[in-house]
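This report reviews a structural model chain by chain. The description turns to accessible surface and secondary structure, then to annotated spans and domains.

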Amino acid sequence: MSDDDHPKILPEERSIFETDTWIKYMWIGVPAAGAFFALMNTVLFFMGKTKPKFGWVDGNPVFYGIVGFVSFSFIVLAGQHLRKILMREEGYYDGPTAEMPRIGEDEEVRIRSLETGGREE
Amino acid sequence: MIPFIPADTNPAMIMMVAGALMVFFGHQGRGIIGLIAVVLSGWQLFNLGVGPMGDAQVYGTGEILGYEFMPLRLDKLSVIFAIVFHSAAFLNVIYGWQSATKVEASMGIVYAGSAVGGALAGDLLTLFIFWEIAALSSVFIVWAGGGHAAFKAGMRYLVIQVMSGLLLFAGIVLHLARGGSSEFGAFELVGEAGVDPVAALILFAFGIKACFPLLHTWLQDSYPKASGVGAVMLSAFTTKLAIYTLARGFAGTDILIPIGVVMTAFPVFFALIENDLRKVLSYSLNNQLGFMVCAIGIGTELAINGAAAHAFVHITYKALLFMGMGAVMQQAGTARATELGGLHKSMPWTTAFTIVGAMSISAFPLFSGFVAKSMITVAAGEEHLLLVYIMLLFASAGVLEHSGIKIPYFAFFAHDRFAPSLRNGVPRPKEAPLSMLIAMGIAAFLCLLVGFYPPILYGLLPYETDYHAYTAEHVATQMQLLLFAIFAFMLLVKFKLYPAEVRSQNLDVDWFWRVPGRKALMATVAGVASVWHTVWGGLKGLSGSVVSSLGTLHGPGGVLSRYWTVGFTALFTAAVLAVVLITAFLN
């Protein structure tokens, strides 16, 4: 997932989104924007313009930022361990028959399958 | 009114007849008929009008054998679903203009018509008929995906869909048998006498198609096996028709709140580890249905408005996401994350439209999800359901992970696997065909239109509302949630904590019936066959012995068939005569 794992492509094949400058802007822009909206909600809080529904829980001006950060991190960090239980090799259910054509296949489906290299699944 | 059709014609019939006719035409003819059918059907829907909740416009009522039919009931709840079904059908026709097979194009319109008919059905039997037509027409779309895997998935899909129909039918029959009304109205699941088993049966039937937890796997099994075009068709109708029926029949049923919450939460974990991006979208669909089910369980006017609004926007942005992945699959030959990446360089329009869908489902301000989803969370807040509220926020972060980031990131950015330098000069996949781009463009426009101008959606909602999505607080809190979640993603990637994609098959609860269930079934079949062979073998042996004995007696040279001598015959006759005479004498 890190930049080290990216396939080695030629510099001229890189788009603007794959340049160091763009990535630097992302590292600045996203936390800055998050901080801006946290500040904005704080200001709204002190101006009495917020309407919390659960008292101090969502009355906290950065409650939503914390929920977003923690929830996302939890989903990714905990969720990936599900693979230990649930992951099997491809074709676990159907085996080689998964790639078999169907008997009496629609002619148009067959043609489309050929057009896409027969790799549709 | 439309001059050449009766004034009270069901819009569904227009689409279904046209869908049947489309089989006889080529690509262009199918597309033109499909568009005309959707426009005519939409026009007819407009002409029929709409009544407020509780005072619906009703057409075509009649009585057969004491049963009161009400094939058309138009109130604001049914009409908002009928409108969005028309919108989805329109997008499907355009998207599949060049790529849909005869079966997909034809059954796609029949399927859309059945969903419209189901939404407008005012009585239970009419609902059941359209419910089953939806099941039968959609399975052809799964099968049209081609290949053995699609065929088998279609068979599993058919079994589950028909099972839902049978349960619904059983529920309807029992409901009518105890003197219940034929009108499709609200059911009371829990009354003074406890749980009503008939209502529970009907709820179970609806729950299968709404993908309740443990009943959900037909969706993730079948939709990714359909073609790129077919998956777009499938994504819109069945599950949303089920949501409509829940909103109509079980609004305010408390049990739907925890069911909905679980539905929002568990798919985010499955979507995280899934490699097939169309299967990711299928889990995402399940997660979005959870928001709607939860809102229906809350049951207030704001919540029902939220469920309807969310269904409306969801159909459009989910179709857009499936369209994007369908285009990728058609052009790149796969939807596996492990084999994709860098497509923004050669498919910029598809990338842009998919990102609009991703931002809409993630509920960024100015996109359609923002103005709809918040109605549900606010409804939970107004009912002081803290845990539900937090779980919905948690699920919102999950939506951002699987649909907001994972789909566009792995398909269009991430690892550039199509660079010509990596593939011996093989050029990159080309941009999607024009018809696909037009359909995606319209869907993206609709997402932005509703996001920029929510009154266009709010005016269609079942109940009057003064809800305002664009408050400074709502924008600030939602952007906080999303941006800090994105920041978490960046950190996880930076520190290599985000799981790499792996080619795999991830198990779900359908494992229980696809592996041990299948083995148990096969063992049962073998046991029955064994018993049958034993019984049949015994019967065969017995009958063989009887026939053999008869053969021995009556066959050539047998006791009863051999030629007797005249003397023996005379002696035997005399003996028989003697026995008769003695018997007569004794009597």
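Accessible areas come from the Shrake-Rupley method with a 1.4 Å probe. On that basis, chain A of this predicted model exposes about 7600 Å², of which carbon and sulfur atoms supply 67%. Of the 121 residues in chain A, 33% are buried.

The secondary structure of chain A comprises 5 helices and 1 strand.

An unreviewed UniProt entry assigns the annotation "transmembrane region" to residues 25–47 and 62–79 of chain A. For chain B, an unreviewed UniProt entry places the annotation "domain: NADH:quinone oxidoreductase/Mrp antiporter transmembrane" on residues 121–394. The table gives the secondary-structure content and the separation of the end C-alpha atoms for these spans.

| Span | Helix | Strand | Distance between end C-alpha atoms |
|---|---|---|---|
| Residues 25–47 of chain A | 96% helix | 0% strand | 32 Å |
| Residues 62–79 of chain A | 94% helix | 0% strand | 25 Å |
| Residues 121–394 of chain B | 73% helix | 1% strand | 36 Å |

How is chain B divided into domains? Domain 1 of chain B covers residues 251–502, and domain 2 of chain B covers residues 510–542. Taken over C-alpha atoms, the centres of domain 1 of chain B and domain 2 of chain B are separated by 47 Å.

Key:
Residues numbered from 1 in each chain as written. Chains lettered and ligands numbered in written order. Predicted model: local features only at pLDDT ≥ 70, side-chain atom pairs only at ≥ 80, totals over all residues. Heavy atoms only, no water. UniProt positions renumbered as here; feature names shortened; annotations may be inferred. Helix = DSSP H or I, 4+ residues; strand = E, 2+ residues; numbered from the N terminus. Buried < 20%, exposed > 50% of the residue type's maximum accessible area, 1.4 Å probe, protein only. Domains from an automatic or database assignment.
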